[in-house]
Amino acid sequence: MAEREKRGWLAPVVMLAVFSLVGFAAPALAGDFEEGMACAGKRQYEEALPLIRKAASEGNARAMYQMGEFYFLGCDGCVQQDWHEAMRWYQRAADAGDVEALFIVGQLYSQGSGVEEDKVKAARYYWEAATAGHAGAQNNLATLCAKGEGVQGPDDKLAVAWYKKSAEQGHRLAMGGYGYMLAEGRGVERDDWEAVKWLKKASAAGNMKASLHLAMMMEEGRGTPRDVVGAFAIYARLAEAGSASAQYRLGRMYERGTGTGQDLGMAFDLYVLAAAGAMPDAQLRLGEWYEDGIQVKKDDEKALAYLRAAALQNRNEAMYRLGQFYEARADKGEALLWYARAANAGHPGAQAKLDALAKALSAS
C-alpha cells in the first residue's frame with residue numbers, strides 16, 4: 001500500500017506544466033521563479049534554469065523544489081538526471097517548509113533513491129507533510145505505522161487514523177488501505193459494509209489491490225450481497241492485467257465451478273501463471289495437484305518444488321504438506337523438520353503430527 005510516485009518516465013514538460021498550475025498563487029512567488037516557470041512551460045529550458053536557480057538561491061522554496069525536479073527528471077538543454085543533486089535541492093526545499101518537498105524527501109528516504117534508505121527519516125518527513133495536510137504523505141505514513149517501519153512498532157490505530165484522513169481527500173491508495181483495515185478489523189472495529197464502501201471508491205479510482213479485496217468481499221458476501229459472478233468478472237479483469245493474486249482466485253473459481261462452469265484445465269493454467277508470480281497459495285495448490293495426480297500426471301519432483309516454494313514464503317499449510325510428503329516416503333527426519341516449522345508457523349494440526357512422529361521414532 002505504500003505509494004512511490006513513478007516520476008522517472010514522465011516527460012519533464014508534463015511535470016512542469018503541473019507545477020506551473022499549482023505554485024503561483026501567492027505574490028511572494030512572482031518574479032524570477034514565475035518567469036522561469038513560464039519559460040519552462042514553453043520548453044525554453046536554457047532560459048528557465050538560471051531564473052529558477054536565482055530564485056532558489058534567494059530563498060524561494062518552490063524554486064528549490066523545482067530545481068530538485070529538474071535534476072530528478074533531467075531535461076533537454078537543461079541538466080542531466082542526477083538523483084544526488086535532486087536530493088540536495090529537495091532537502092533544501094523541505095528544510096524551508098515546502099510541503100511537497102517534505103513528501104518527496106520522505107519517499108526518497110523510504111525507497112533509498114539517491115540516498116541511503118532510512119525509514120526513520122522517511123517517517124519524520126512524512127509526518128511533517130501529513131500534518132500539513134498532504135494526502136500522499138498521510139497514506140505513506142499510515143503504511144509505515146501499519147508495518148512498524150520507521151516508527152516505534154506497528155500501530156494499527158494510528159495507521160487507520162492517517163489512512164482515513166488521506167482517504168477523505170480522495171487518495172486512491174488510502175481509500176483502499178482504509179477499506180482493508182475496516183474489513184480486517186485492524187486498529188478499528190470491523191465494519192464490512194463501511195469497508196466495501198471505501199473499497200468501491202478505491203476500485204473506481206483504479207486501485208487494483210482494492211478491486212481484489214472488493215471481489216473477495218463480493219465472493220464471500222461480506223458487506224454486500226454475495227455476487228460470485230461479479231467477483232469472477234473482477235478477478236478476470238485483474239488476472240488479465242497480471243495480478244498473481246487474481247489469477248489464483250480466478251483459478252480457484254474455475255476449479256470449484258463458482259461463478260462459472262468447472263474447468264480444471266483453465267484452473268491449472270491460471271495456477272501456473274500465479275505461481276510464476278510468486279503467489280504462495282497457487283504454488284501450494286500446484287504442489288498438491290502434482291503430488292496427488294489431480295488434472296496432471298503425478299510428479300514428486302514438481303510437487304516438491306512447488307511445495308517448497310510456498311513453504312519458503314511462510315505458507316504453513318505448505319510446510320505441513322511437506323511434512324506429510326516426507327513422512328509418506330519414510331524420510332522421518334525431514335518430516336519432523338517440516339512439521340516443526342509448520343507448528344511454529346501456527347498450523348493447527350502440525351503439533352499433533354510432530355508429537356506422534358517423535359513418539360513413534362523414540363519407541364522404535
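Modeller: Asp-98 is buried, at a relative accessible area of 7%. Buried means under 20%, exposed over 50%, and partly exposed in between, with a 1.4 Å probe and protein chains only. This is a predicted model: local features need pLDDT of at least 70, side-chain atom pairs count only at pLDDT 80 or more, and totals for chains, interfaces and linings use all residues. Numbering starts from 1 along each chain as its sequence is written, and side-chain values use heavy atoms, without hydrogens or water.

The partner of Asp-98 is Arg-62, in a salt bridge of 2.8 Å, N to O. Arg-62 sits in helix H4 (residues 61–73) and Asp-98 in the loop between H5 and H6, so the pair ties together parts 36 residues apart in sequence. Helices here are DSSP runs (H or I, at least four residues), numbered from the N terminus. Arg-62 is buried too, at 15%. A salt bridge puts a side-chain nitrogen of Lys or Arg within 4 Å of a carboxyl oxygen of Asp or Glu.

There are 24 salt bridges in the structure. One of them joins Lys-54 to Asp-32 at 2.9 Å, N to O. Lys-54 lies in helix H3 (residues 45–57) and Asp-32 in helix H2 (residues 32–41), so this pair links parts 22 residues apart in sequence. Here both ends are partly exposed: Lys-54 at 42%, Asp-32 at 23%.

Another pair is Arg-222 with Glu-220, at 3.8 Å, N to O. Arg-222 is buried at 18%, whereas Glu-220 is partly exposed at 42%. Glu-220 also touches Arg-249 (contact: heavy atoms within 4.5 Å). Arg-249 belongs to helix H14 (residues 244–256). Its relative accessibility is 11%, so Arg-249 counts as buried. Beyond four places in sequence, Arg-249 also contacts Leu-212, Met-216, Glu-219 and Tyr-235.

Some charged side chains form a network. Salt bridges link Glu-255, Arg-285, Glu-288, Glu-291, Asp-292, Asp-300, Arg-321 and Arg-329.

Helix H7 (residues 119–131) has 13 residues. Its buried residues are Ala-122, Ala-123, Tyr-125, Tyr-126, Ala-129 and Ala-130. An α-helix has 3.6 residues a turn, so residues three or four places apart point the same way. The buried residues of H7 pack against helices H5 (83–95), H6 (99–111), H8 (135–147) and H9 (156–167). Just after H7, Gly-133 has a positive phi of about 100°.

Notes
Helix = DSSP H or I, 4+ residues; strand = E, 2+ residues; numbered from the N terminus. Expected span 1.5 Å × (residues − 1).
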